[in-house]
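Hi,

Here is the structure I promised to pass on. Have a look at it first, and my notes follow below.

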Amino acid sequence: MPYAIKVKKENAEAIRRKLVKKGLLDSRWSIVIDGEYLYLPVKEKVDGAIFMDLPKRKKRKSPYESIRELVGCPIPDYWEKIGEVALLPPYHYEDVKKVGEAFAKVLKAKTVAIYHGVEGEFRVPKIEVIYGKDTETVHVENGIKYMLDLAKVMFSSGNVEERIRMSRIDAKGEIVVDMFAGIGYFSLPLAKYAGAAKIYACEKNPIAYHYLLKNIEINEIHNIIPLLGDNREVAPKKVADRVLLGYVHTEPFLPVAMEALREEGGVIHYHDTFTTEERNWKPEENIKRYAAAHGFQARILYKRVIKSYAPHIWHIVVDARLFPKD
Ligand SMILES: C[S@@+](CC[C@H](N)C(=O)[O-])C[C@H]1O[C@@H](n2cnc3c(N)ncnc32)[C@H](O)[C@@H]1O
């Protein structure tokens, strides 16, 4: 039985907050209402506290606990929910039907699938649907709606920080070229929040391009110019204040980025993958080398490891400002 203090209803919230602040509220017990009064459980015999028979507080089950209980056998302790679709990692599932139903019920997902990574130039996901059918959904992040079909185009939860960083960049009045736009992962936050005047969004995969158009429409964006095709052919030249290379294996595309920049130069956001041995020097070295070959010099502004891409391989982003060589 805990100690409790009896307080008037109208003062209860303020007193509860004070108790929480002082670490005195005893959360193992329920708060009980009695007419105009409330009993707040406390951890020690503070002034006015009395011994009270309060009911134990019911511990809320975590989604993991609820799913585990429904399935009745081991399940992985991580998954992703993108829009209304739950993506589970490969695992030794004993009964996939039961697993699908349990995840759908607890996570309120319309579809549940096992996700086996992405493949090819278009980064197409390999998924195995185990509950429901419809893999098209709208994922909302940072006030932006991303419509996509998770069986056809990827959505990397690991890149969330970078999508948010793009929304915080000061690109006021700038012309931007997004060389690997996808469904608008970076173009949409830049267009909506960063003040860019115009974003040329290049995308080669017609399915990703279809969702890029949809996302421009549902987010009511007016400063993105979508361009369907290979950026080596469709990216405009000598116009950009800022160029994004939001993909992997992008070193061969650095000349396209340099050619997209205005003669006065600008900023590039260079994403690529590097081995553990290379990661400390090669990203900067690549930028400086390609910049020099195109009449620019480079100042490195920012560098961050975005995520582990494969064992000993890192996805890294480097921002650099390029100036004409003296
Ligand atoms: C999937 S996105 C990369 C992930 C993204 N940065 C994020 O935040 O999740 C890369 C996109 O570049 C597209 N792409 C690949 N090569 C291309 C090229 N040469 N020109 C234009 N788009 C290309 C792919 O189809 C894909 O949609």
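Which residues are the closest to the ligand, and how many surround the ligand in total? There are 19 around it, and the closest are Phe180, Gly182, Tyr185, Asn205 and Gly246. A residue counts as near if its C-beta atom, placed from the backbone, lies within 6 Å of the molecule.

Before you read on, keep in mind that this is a predicted model: local features need pLDDT of at least 70, side-chain atom pairs count only at pLDDT 80 or more, and totals for chains, interfaces and linings use all residues. Residue numbers start from 1 along each chain as its sequence is written.

Back to the ligand. Its shell has 7 nonpolar, 6 polar and 6 charged residues (Ala, Val, Leu, Ile, Met, Phe, Trp, Tyr, Cys and Pro count as nonpolar, Asp, Glu, Lys and Arg as charged, and the others, Gly among them, as polar). At least three residues of the shell come from each of domain 2 (63-134) and domain 3 (157-324). The chain also has a domain 1 (3-51); the bounds come from an automatic or database domain assignment. Between domain 1 and domain 2, the C-alpha centres are 42 Å apart.

As for the whole chain, I get 9 helices and 17 strands (DSSP runs numbered from the N terminus, with H or I over at least four residues for helices and E over at least two for strands). The radius of gyration is 26 Å, well over the 20 Å that the globule rule gives for 326 residues, so the chain is more spread out than a compact globule. That radius is taken over C-alpha atoms, and the rule is 2.2 Å times the number of residues to the power 0.38.

Strand 14 (residues 242-245) is worth a look. Arg242 and Leu244 on one side, and Val243 and Leu245 on the other, are all buried (20 or more other C-beta atoms within 10 Å of a residue's own; exposed is 12 or fewer, partly exposed is in between, and C-beta atoms are placed from the backbone). Strand 14 pairs in the parallel sense with strand 11 (residues 175-178) over 3 bridges and with strand 15 (residues 266-275) over 4 bridges; pairing takes at least two DSSP bridges. Leu244 is the bridge partner of Asp178, and Ile268 that of Val243.

His312 sits in the loop between strand 16 (296-310) and strand 17 (313-324) and is exposed.

Cheers
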